[in-house]
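This report concerns the fold, the nonpolar cores and the charged pairs of a single protein chain. The sequence and the model are shown first.

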Amino acid sequence: MSASYLVEIKDWGLHVRLQGTLSMEQRDAVARQVEVHCANLGARGTPWSSLVEFDRFEADGFRPEIVVALMRLARRCGQLRCAVVMTDWDWASVMADAMIAAGTDDQARIFVQAKVTPANGDLAGELDGGPAADFIGMDSAMAWVLNGGAVPMVSKAA
């Protein structure tokens with residue numbers, strides 16, 4: 001699998017995808033893009049949501065302080081909710097700890113996908129208005145990003 005990332009603004013807010021083993025430089029580039037996009041979304045003056053996907057993402061040297069800072073920034077810039085989609089329970093626990101440290105656990109939810117993936121082996125799909133056909137089990141995550149609602153959070157504290 002190749003390493004890749006995507007950071008883009010959608011009608012509903014911010015979409016971030018991290019795939020494979022990204023270098024420290026690539027992760028720093030993602031953080032800078034997220035900062036810029038948060039500021040741009042904040043300037044719109046309307047609430048927005050985020051979808052962050054970790055598709056077989058591997059992050060040696062994980063820096064939770066950067067994730068915490070980005071979560072706090074997003075909140076200050078008008079983010080209503082953030083869905084984090086991943087396939088690994090251990091990473092879900094680490095991400096939940098970062099959300100709790102950032103004080104964003106009231107507006108962020110983690111969705112852990114089953115390891116079953118589409119035939120092409122990735123979570124790729126266009127998310128304009130809802131999950132694409134090749135997103136297995138993404139209905140609840142996208143529904144929460146777009147509409148909110150009650151979804152249990154995965155964390156060590158839960």
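Which residues of the largest nonpolar core touch the most other members? They are Val84 and Met95, in a core of 34 residues. A nonpolar core is a set of buried Ala, Val, Leu, Ile, Met, Phe, Trp, Tyr and Cys residues joined through side-chain atoms within 4.5 Å. Strand E2 (13–21), helix H1 (24–44), E3, H2, E4, H3 and E5 each supply at least two residues of this core, and H3 gives the most, with seven. A second, separate core has five residues, among them Trp12, Leu51, Ala83 and Val85.

The model is predicted: local features need pLDDT of at least 70 and side-chain atom pairs pLDDT 80 or more, whereas totals for chains, interfaces and linings use all residues. Residues are numbered from 1 along each chain as its sequence is written, and side-chain values use heavy atoms, with hydrogens and water left out.

**Overall fold.** The chain has four helices and five strands, in the order β-β-α-β-α-β-α-β-α from the N terminus. Helices (H or I, at least four residues) and strands (E, at least two) are DSSP runs numbered from the N terminus. Of the 158 residues, 47% are buried (buried is under 20% relative accessible area, exposed over 50%, partly exposed in between, with a 1.4 Å probe and protein chains only).

**Helix H3.** The 14 residues of H3 (residues 89–102) should span 20 Å, and the end C-alpha atoms are 20 Å apart, which agrees; the expected span is 1.5 Å times one less than the number of residues. Its buried residues include Trp91, Met95 and Met99. The buried residues of H3 pack against strand E3 (48–58), helix H2 (64–76), strand E4 (79–86) and strand E5 (108–112). Met95 touches Phe54, Val67, Met71, Val84, Met86 and Ile110, leaving aside residues up to four places away in sequence; contact means heavy atoms within 4.5 Å. Just after H3, Gly103 takes a positive phi of about 75 degrees.

**Salt bridges.** A salt bridge is a side-chain nitrogen of Lys or Arg within 4 Å of a carboxyl oxygen of Asp or Glu. The count comes to three.

| Pair | N to O distance |
|---|---|
| Lys10 and Glu8 | 3.7 Å |
| Arg17 and Glu53 | 3.2 Å |
| Arg63 and Asp28 | 2.8 Å |

Arg17 lies in E2 and Glu53 in E3, so this pair ties together parts 36 residues apart in sequence; both residues are buried. Lys10 is buried, at 8% relative accessible area, whereas Glu8 is partly exposed at 22%.
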